[in-house]
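Here is a short briefing to read alongside the structure.

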Amino acid sequence: MKTIKVEKLATLTGHRDSIYTIERAHLPHLLFSASGDGMVVRWDLHSPDQGELLVRIPASVYAIRYFQEENQLWIGQNFEGIHVIDLESLKETKSIKITSAAIFDIQFWQNHALIGTGDGTIIVMDVNHFSVKKHIKASEQSVRCIAINPQTQEFAVGYSDNYIRVFGLEDFQIKYAFEAHTNSVFTLAYSTDYQYLLSGSRDAHLKIWKVAEQYSLHQSIVAHTYAINHLSFSPDGKYFATGSMDKSVKVWDATSFRLLKVIDRARHAGHGTSVNKLFWAAGEYSLVACSDDRTLSVWNLAMQ
């Protein structure tokens, strides 16, 4: 059985409130974080003690997304809309007020941005024209997460009404809808071969759904003791990690779905409060987590 040796590399500090999200940049050793203090910070893992403040937004930020084609960072300002930072000049180039609700997720597909909001709406934006193209309202409760499957031309959406709804990327029509959990669906991710959709919920369960069988349930795992806030696959697709309100990070085998390692405060200098988002960073297996404790943790995972 595979074993994992965990080494703590750094603790990143500077935010003044809970850190809700982490996002990649154009170089593998760079990443962005955003928090309840409205600060969006760029970090260089080669010099982890020095974060660079990109912008301060006058509201909490739950969602940021890197748009590679234009080297931009899209920022979801809660109760306002979208701000776009040009990462060459490090200046805000445009903004648009699209909602009065919280923004929980932003995903890109071709020339579209899919934006999930707290009033149950998916806002589809035309990236080239920076304009709203469509509103998709399938629930009265929050859209918490969005995952895209380019192979099947679908995107899956997790809602606070416990449902996962799957839409077509071409026509934005619902293809499947099913009650996936007994509480809010906080996180979704397709496996790197797109054969499975994984979901994590406030109910602490991790569930694996078979895409080719109309999202039939493949496996259900009581993965944590409290809400699963995020799950993320390693770049090579061999592993995935889950982060939870129970303060732990867990690493899993992506083929067998077996638990391989628990990363916590006592053994690995982990977090003392909720782990909100995970990010696989520079290096073969470097894992970054952000937390309500206002810090980010960086670990090296040596697979043995």
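Is Cys145 buried or exposed? In this predicted model, Cys145 counts as buried, because its relative accessibility is 5%. The points below start with its sulfur and move on to the core and the rings.

**Cysteines**
- The whole structure contains zero disulfides.
- For Cys145, the closest cysteine sulfur belongs to Cys290 and is 15 Å away, too far for a bond, since a disulfide needs the two sulfur atoms within 2.5 Å.
- Cys290 is buried too, with a relative accessible area of 0%.

**Nonpolar core**
- The largest nonpolar core has 16 residues, and Val249, Ile263, Leu287 and Leu301 have the most contacts inside it.
- Elements giving two or more residues to this core include β1 (4–12), β24 (249–253) and β28 (296–303).
- Strand β26 provides the largest share of this core, three residues.
- Leaving aside residues up to four places away in sequence, Leu301 touches several residues, among them Ile4, Val6, Ile263 and Leu287.

**Aromatic rings**
- The count of aromatic pairs comes to 18.
- Tyr190 and Tyr194 make a tilted pair, 6.3 Å centre to centre with 50° between the planes; Tyr190 is buried at 8% relative accessibility, while Tyr194 is partly exposed at 24%.
- Tyr196 and Phe257 pair edge-to-face, with centres 5.6 Å apart and planes at 85°.
- That pair links distant parts of the chain: Tyr196 lies in strand β19 and Phe257 in the loop between β24 and β25, 61 residues apart.
- Ring pairs join Tyr196, Phe233, Phe240, Trp252 and Phe257 into a cluster.

**Charges over rings**
- The charged end of Arg144 sits over the ring of Phe104, 4.0 Å from its centre.
- Arg165 lies over the face of Tyr159, 4.6 Å from the ring centre.

Terms used. Residues numbered from 1 in each chain as written. Predicted model: local features only at pLDDT ≥ 70, side-chain atom pairs only at ≥ 80, totals over all residues. Heavy atoms only, no water. Buried < 20%, exposed > 50% of the residue type's maximum accessible area, 1.4 Å probe, protein only. Core = buried A, V, L, I, M, F, W, Y, C linked by side-chain atoms within 4.5 Å. Helix = DSSP H or I, 4+ residues; strand = E, 2+ residues; numbered from the N terminus. Contact = heavy atoms within 4.5 Å. Phe/Tyr/Trp six-rings, centres within 6.5 Å; stacked < 30°, edge-to-face > 60°. Lys NZ or Arg CZ within 6 Å of the ring centre and 35° of its normal.
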